[in-house]
Amino acid sequence: MDARTRAIANANAKLSNPLSGIPYDRLMADVEIFAEERGLTHLLPELEKGALVAQDSTCIGILKEEVTHRWRQTPILYYMVVMSSLAAAVQGMDEAVINGAQILYPTQFGIGSSNNRDSWLVGLINSAPYLCPLNHYLGRKMTIFVTCMISFLTCIWSALTNSWWHLFIARFFLGFGIGPKSTTVPVYTAECSPAPIRGALVMMWQMWTAFGIALGDLIDLVFYFIPDAPGVTGLNWRLMLGSAGVPGLVVCLQILFAPESPRWLISKGRYEDAFNELCRLRFSRVQAARDLYYIHVLLEAENDMEGRNRIVEMFAIPRNRHAALASWVVMFGQQFCGINVIAYYSSNIFLACGFTQIPALTSSFAFGALNWLFALPAIFTIDTFGRRNLLLFTFPCMAICLLITGFSFWSTSETGRVAGVSIGIYLFTIFYSPGEGPVPFTYSAEAFPLYIRDVGMSFATATTWFWNFVLSITWPWLILAFGPQGAFGWYATWCCILWVLILLLVRETKDKTLEELDQVFSVPLGTHAAYGLRQIPYGFKKFVLFQNPVPEQLYRVKTETEKARRVEEEDLEKANA
């Protein structure tokens with residue numbers, strides 16, 4: 001590694017455990033000073049034990065159940081998990097209910113024709129929530145409360161509109177509920193969760209967002225049959241849009257009894273409140289004191305790096321630039337693989353292939369249900385097969401499915417056309433859900449070094465929301481300009497391009513330590529691209545000819561024996577010192 005990469009490795013090491021290597025006497029003195037400065041002297045015995053556990057988790061056997069029974073957690077933690085899952089479902093419903101409503105409201109608002117103007121207006125209304133900026137100024141609980149309240153109010157507002165521009169304004173303000181919620185809830189979950197189950201709980205955001213999409217499609221189907229009331233035209237689509245706000249109101253009520261993020265409280269100097277919240281989230285006061293002190297020293301280590309321009313370093317340093325490029329590819333791919341075309345417009349697609357409205361809504365619900373059900377195995381497959389391997393396998397399959405969907409519109413038989421479109425969309429969803437569905441956010445969260453991880457995740461999240469807007473506003477025009485064959489062929493082509501980009505630019509991060517990730521992303525771009533090209537004949541021999549070629553090892557990762565020997569050498573050096 002060059003000097004810059006070694007500096008990153010040192011920063012990672014410091015942030016991975018700032019207490020590592022501190023002698024016992026100095027550690028106890030630091031804890032005592034911390035307790036006096038923060039007014040926590042009444043917690044000094046717990047803080048001393050907690051600091052020792054934070055430095056070496058094996059030193060107190062009473063806490064071993066954190067590893068051996070990692071899903072045995074406090075009721076308030078699972079209350080927080082349920083609330084976060086419902087917030088994710090709100091996100092999915094906010095995105096999905098427009099799918100059914102758009103087969104009804106355009107005609108009422110006079111934008112239901114197939115000309116260019118009306119196509120762009122429908123796309124603009126559907127994409128309006130993704131135009132809004134994100135908000136990072138409120139605390140975690142307050143941000144979730146405000147965003148879910150915005151979702152509730154704007155969904156009711158959308159149901160009361162009587163013109164296309166009024167609906168556009170309502171959905172534009174819905175974006176103030178969608179954007180910040182998508183970044184805050186996963187962060188809130190991570191900051192409240194214990195380390196052994198943190199990754200699994202954060203991944204639930206994607207899974208329950210998929211559940212919300214399925215629920216939104218089901219609501220569209222149920223409310224379709226509601227007839228107009230006296231003086232109310234379009235009651236069915238109004239109920240579709242308005243009902244998406246109900247779960248948001250439930251989350252607003254739930255959040256009042258949920259714990260605040262301890263990390264956010266500590267960042268505001270509210271240490272006593274943070275300790276009390278940690279006592280609610282953990283079984284013992286020692287665990288709470290450990291996490292309190294560890295978060296404190298971690299924030300202090302992050303503050304020591306404030307003089308560095310992290311945005312510039314994200315692109316100027318090769319190790320960081322490679323991580324940013326790979327994250328951009330997978331985040332861009334999550335949109336331009338075409339999934340949200342189906343999530344937002346599947347009802348119109350099924351109508352175009354020959355379905356009537358009720359079967360079209362039923363088929364859209366089937367798509368949402370498959371999207372959720374096949375997201376469940378991702379909890380296991382993502383760590384079994386690896387991030388890069390999942391993408392390399394699923395993208396060609398998704399391209400084939402999109403071509404089947406598009407080319408089926410050339411069928412002169414209505415039965416064949418309906419069957420081809422349905423099979424193509426459903427198989428596409430089955431391949432997407434365990435692959436490009438969960439991988440992008442997981443990959444982006446681990447690719448960046450710790451000291452720029454928050455900046456990197458903001459960059460990755462902004463990428464996916466921007467291209468989400470582009471995709472949703474342009475689809476009606478694509479259909480009008482090129483027909484369904486050309487529109488689906490466009491995204492099938494992008495799936496093939498993305499497969500090449502993943503092969504050349506995306507590195508595997510599964511089961512890698514922070515030190516190993518620095519090695520992986522320090523490999524020059526040209527070297528990794530050449531390695532990716534050499535994997536093509538390797539894959540052909542292995543998966544087509546069923547041979548057993550020797551895999552090439554691009555990264556030399558230390559073996560367990562080498563790691564153990566290095567630890568022994570470091571211990572000996574400390575003893576001699």
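Predicted model: local features only at pLDDT ≥ 70, side-chain atom pairs only at ≥ 80, totals over all residues.
Student: Okay, pockets. How does the lining of the second largest pocket split by class?
Tutor: That lining has 24 nonpolar, six polar and nine charged residues.

Student: And which residues lie nearest the centre of that pocket?
Tutor: Arg388, Asn389, Leu392, Gln535 and Tyr538 do, out of 39 lining residues. Helices H21 (387-407), H22 (414-432), H24 (453-505) and H26 (525-543) are the elements that each give two or more residues to the lining.

Student: Which of them gives the most?
Tutor: H26 does, with 10 residues.

Student: How much space lies in there?
Tutor: About 1,300 Å³ lies in the second largest pocket.

Student: Switching to cavities. How many are there of 30 Å³ or more?
Tutor: The structure holds four of them.

Student: Which residues are nearest the centre of the largest cavity?
Tutor: Those are Glu95, Gln206, Thr209, Gln334 and Tyr432, and the whole lining has 25 residues. Two or more lining residues come from each of H5, H10 (195-223), H17 (318-336), H18, H19 (357-373) and H24.

Student: What about the second largest cavity, how much space lies in that?
Tutor: About 80 Å³. Its lining includes Val81, Ser84, Ala88, Val185, Trp205 and Trp208. The elements giving two or more residues to it are H5, H9 (164-192) and H10.

Student: And which element gives the most to that one?
Tutor: H10, with five residues. The lining of the second largest cavity has nine nonpolar and three polar residues, and no charged ones.

Student: Let's do helix packing. At what angle do H5 and H18 pack?
Tutor: Helix H5 (residues 75-101) and helix H18 (residues 339-353) pack at about 20°, and their axes are 7 Å apart. Angles under 35 degrees count as roughly parallel, so H5 and H18 are roughly parallel to each other. H5 passes H18 in a right-handed crossing.

Student: Which residues make the contact?
Tutor: From H5 you have Glu95, Asn99 and Gly100, and from H18 you have Ile342, Ala343, Tyr344, Tyr345, Ser346 and Ser347. That contact divides into four nonpolar, four polar and one charged. Glu95 is also one of the residues nearest the centre of the largest cavity.

Student: H18 packs with H24 too. How far apart are those axes?
Tutor: They're 10 Å apart, with an angle of about 55° between H18 and H24. H18 and H24 are therefore oblique to each other, and their crossing is right-handed.

Student: Which residues touch there?
Tutor: On the H18 side, the contact has Asn340, Val341, Tyr344, Tyr345 and Ile349. On the H24 side, the residues are Asn468, Leu471, Ser472, Trp475, Pro476, Phe488 and Tyr491. The H18 and H24 contact has nine nonpolar, three polar and no charged residues.

Student: Last pair: what's the angle between H17 and H23?
Tutor: H17 and helix H23 (residues 439-447) pack at about 170°, with axes 9 Å apart. That makes H17 roughly antiparallel to H23.

Student: Why does that angle make H17 antiparallel to H23?
Tutor: Because angles over 145 degrees count as roughly antiparallel.

Student: And which residues meet?
Tutor: Arg319, Ala323, Ala326, Ser327, Val330, Met331 and Gln334 in H17 meet Pro440, Phe441, Tyr443, Ser444 and Ala447 in H23. By class, that contact is eight nonpolar, three polar and one charged.

Methods
Residues numbered from 1 in each chain as written. Heavy atoms only, no water. 1 Å grid on protein atoms, 1.4 Å probe; cavity = no way out; pocket = protein on both sides within 12 Å on 5 of 7 lines; lining within 4 Å. Points joined across faces, edges and corners; volume = space filled by probe spheres on them. Helix = DSSP H or I, 4+ residues; strand = E, 2+ residues; numbered from the N terminus. Nonpolar A, V, L, I, M, F, W, Y, C, P; charged D, E, K, R; others polar. Axes fitted to C-alpha atoms, helices over the stretch in contact; angles between N-to-C directions. Parallel < 35°, antiparallel > 145°, perpendicular 65-115°, else oblique. Left-handed = near helix turned anticlockwise from the far one by under 90°. Contact = heavy atoms within 4.5 Å.
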